[in-house]
Amino acid sequence: MMKSFTWLAVVAIFQVVTVMAEEYYWTYTCVIEGSDIISDNSTITDKCTASGTNGDEAKAAAFCHQPNYNEANNTFSEYGCGECPDSADNGTCLSCAAWNETASIQDNSNCNSYHPPIFTYSCFQGGISVKCSNGSLLQDIHCWGPKPSYKENNANLTVCGCGSCDTAHSLNATWKLEDCKTCDYENCNGAEGTTLILASTVAIFWFYVYSY
């Protein structure tokens, strides 16, 4: 009788250990990168796995991560499986749940959809570098100013500014559009714009000297 009881106890303990050791896995996908930094015409996804002591726990542990696309000049650029890595600075990374039990379509794979990054940028205006945006897509970064071949001194053009020539001209058409040049990186209108403004200032100074 004692031997039978001992054997039953051993079997019971073995079964408990077996159940406790069992893990459940749920497979899903996350975006791992976008096509490029300008568009999201295509994205690349990867297979991910989450685990738990049952199916619900495994799904609750399933996450994807991505850069915080509302953060301008974000140095974190990683897309992938799981929650944000510890190496990510505060506010630079976002995590999302790959399983949403309250939604009509519960499988929320690829919840970390690709978003192109945004950047702050500056342009010269009136000889001074001014901030143009708190966050713009790369293809929306523009400065405007007179072309290097421009020889006149229309202050409305030589002042330079943020945005494109077309936009600036639509707001102030006192100069010819063909005399303007749009460039596409920070403070790219600085050298020629500042030079022309200084030239205008010198011309006005000598006009007053010779007038008096």
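Reply: Ser136 is buried, because its relative accessible area is 12%, and buried means under 20%, with exposed meaning over 50% and partly exposed in between (1.4 Å probe, protein chains only). This is a predicted model, in which local features need pLDDT of at least 70 and side-chain atom pairs count only at pLDDT 80 or more, while totals for chains, interfaces and linings use all residues. Residues are numbered from 1 along each chain as its sequence is written, and side-chain values use heavy atoms, with hydrogens and water left out.

Ser136 belongs to strand β7, residues 128-137; strands are DSSP runs of E with at least two residues, and helices are runs of H or I with at least four, numbered from the N terminus. Not counting residues up to four places away in sequence, Ser136 touches Pro117, Ile118, Phe119, Tyr121 and Ile141, where contact means heavy atoms within 4.5 Å. Its side chain also makes a polar contact with the side chain of Ser133 at 2.6 Å; such a contact is a pair of N or O atoms within 3.5 Å, and within protein one must be able to donate a hydrogen and the other to accept it, with residues adjacent in sequence counting only if both atoms are side-chain atoms.

Turning to the cysteines, a search of the whole structure finds 8 disulfides, each a pair of cysteine sulfur atoms within 2.5 Å. In one of them, Cys96 and Cys111 have their sulfur atoms 2.1 Å apart, and the torsion about the S-S bond is about 80 degrees, so this disulfide is right-handed. Cys96 lies in strand β5 (residues 93-97) and Cys111 in the loop between β5 and β6 (118-125), so the pair ties together parts that are 15 residues apart in sequence. Cys96 is buried at 16%, and Cys111 likewise counts as buried at 17% relative accessibility.

Another disulfide joins Cys123 and Cys143, with sulfur atoms 1.8 Å apart; here the torsion is about -80 degrees, so the link is left-handed. Cys123 lies in strand β6 and Cys143 in strand β8, so this pair ties together parts that are 20 residues apart in sequence, and both cysteines are buried.

Cys183 and Cys188 also form a disulfide, their sulfur atoms being 2.0 Å apart. Cys160, by contrast, is in no disulfide, since the nearest cysteine sulfur, that of Cys180, is 8.2 Å away, although Cys160 counts as buried at 3% relative accessibility.
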